[in-house]
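Open the model in your viewer and follow the stops below in order. Each stop says what to select and what is there.

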Amino acid sequence: MYLSKKDIPSFPKQVTLHPKFIRDESFNENYNINVTGHYILSLVDDSKTIGDIVKITKKKYKIKEELAHHDCVSLFETLNKEFLLNIKRKGISDRFSAFVFFVRTFQFRQLFEFFQLNKRFDNAFLKKNLIITFFYLLIVTPYLNGGLLAISFLILYVSNPVTIWEPIMLGGGFILSIAVHEFSHVLGLYMMKEIKKLGFIGKRNLNMGVFRKRVDPRKDIFVSLMGPIIPFLIGNLLFLLSSIEIVQTIGIIWMLNLFTLFSTDGKNIRDNMKKIMRGAVIR
């Protein structure tokens, strides 16, 4: 992860700072912090940049700026990885310079970490109304996947520059399938009467998803399956019932959601199956 001194840290809505811990209201969990960590985080107010916080910390503890910068950035990186702190990217010029430096010095690992940044969206109504949740996902999904959507549009347009509406339809269908995928997880929680375990919508690198508390392994398997299965069934219907080529192509795109069984959803299912098997062995 690369953080610029011009970047601005901020707490998500459901995350609050206390003298001895950070409180995540979405999951009803506390994360302990020390006195120094509390002081640094008390400076986070949605307006101070990382550079501002480093200077204040340096003055407070009378330490070198390099050490203050290391302490602040390390804390912010750790919290961001756990979705306890959002980072607004402001240092565009700094990022460009760092990117060029990593490329020129063949630091490919740092180059990969350069793009890593988590973003969390908290909304209390996500646990209260399925219809509002669905429309919220329709709005936030294109925003969270804007870069991926632009890349898809360019590839589709370059491959078929005669028409513009086809890439728009295909790209829109792709984004809509992601929204339905994530909503299907929410629907699964609702059907299992575990909607209160829903936490927040978050973006990790190029992936966005619904983050939730772990539930009973059998229920969790059902919730994990709902995400890819529902879009797959809808895509299958689009492909079989329509004779229009572009609609069939959109159907295929929707059916590709099934491939998440080999990644995130599949990992959740395998982990829960192991828990069930371990429980059976213990009994």
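Begin with the largest pocket of this predicted model, which has a volume of about 1,200 Å³. To find its centre, select Met208, Gly209, Val210, Phe211 and Thr264, which lie nearest to that point among the 39 lining residues.

Next, colour the elements that give two or more residues to this lining: strand E4, helix H8 (165–191), strand E7 (198–204), strand E8 (207–212) and helix H11 (264–282).

Now colour the lining by residue class.

E4 covers residues 29–32 and pairs with E3 in the antiparallel sense, over four bridges. To see one of the bridges, select Arg23 and its partner in E4, Asn30.

Then move to the turn. E3 and E4 form a hairpin with four residues between them.

Does E2 run parallel or antiparallel to E3 (residues 21–24)? The two strands pair in the antiparallel sense, over three bridges. Select Leu17 and you will find Ile22 of E3 opposite. E2 and E3 also form a hairpin, here with three residues between the strands.

Last, show the side chains along these strands. In a regular strand, side chains alternate between the two faces of the sheet.

Key. Residues are numbered from 1 along each chain as its sequence is written. This is a predicted model: local features need pLDDT of at least 70, side-chain atom pairs count only at pLDDT 80 or more; totals for chains, interfaces and linings use all residues. Side-chain values use heavy atoms; hydrogens and water are left out. Two strands pair if DSSP finds at least two bridges between them. On a 1 Å grid over the protein atoms alone, a cavity is a set of points where a 1.4 Å probe fits but cannot get out, and a pocket is an open set with protein on both sides within 12 Å along at least five of seven lines; lining residues have an atom within 4 Å of a point. Grid points are joined across faces, edges and corners, and a volume is the space filled by probe spheres set on the points.
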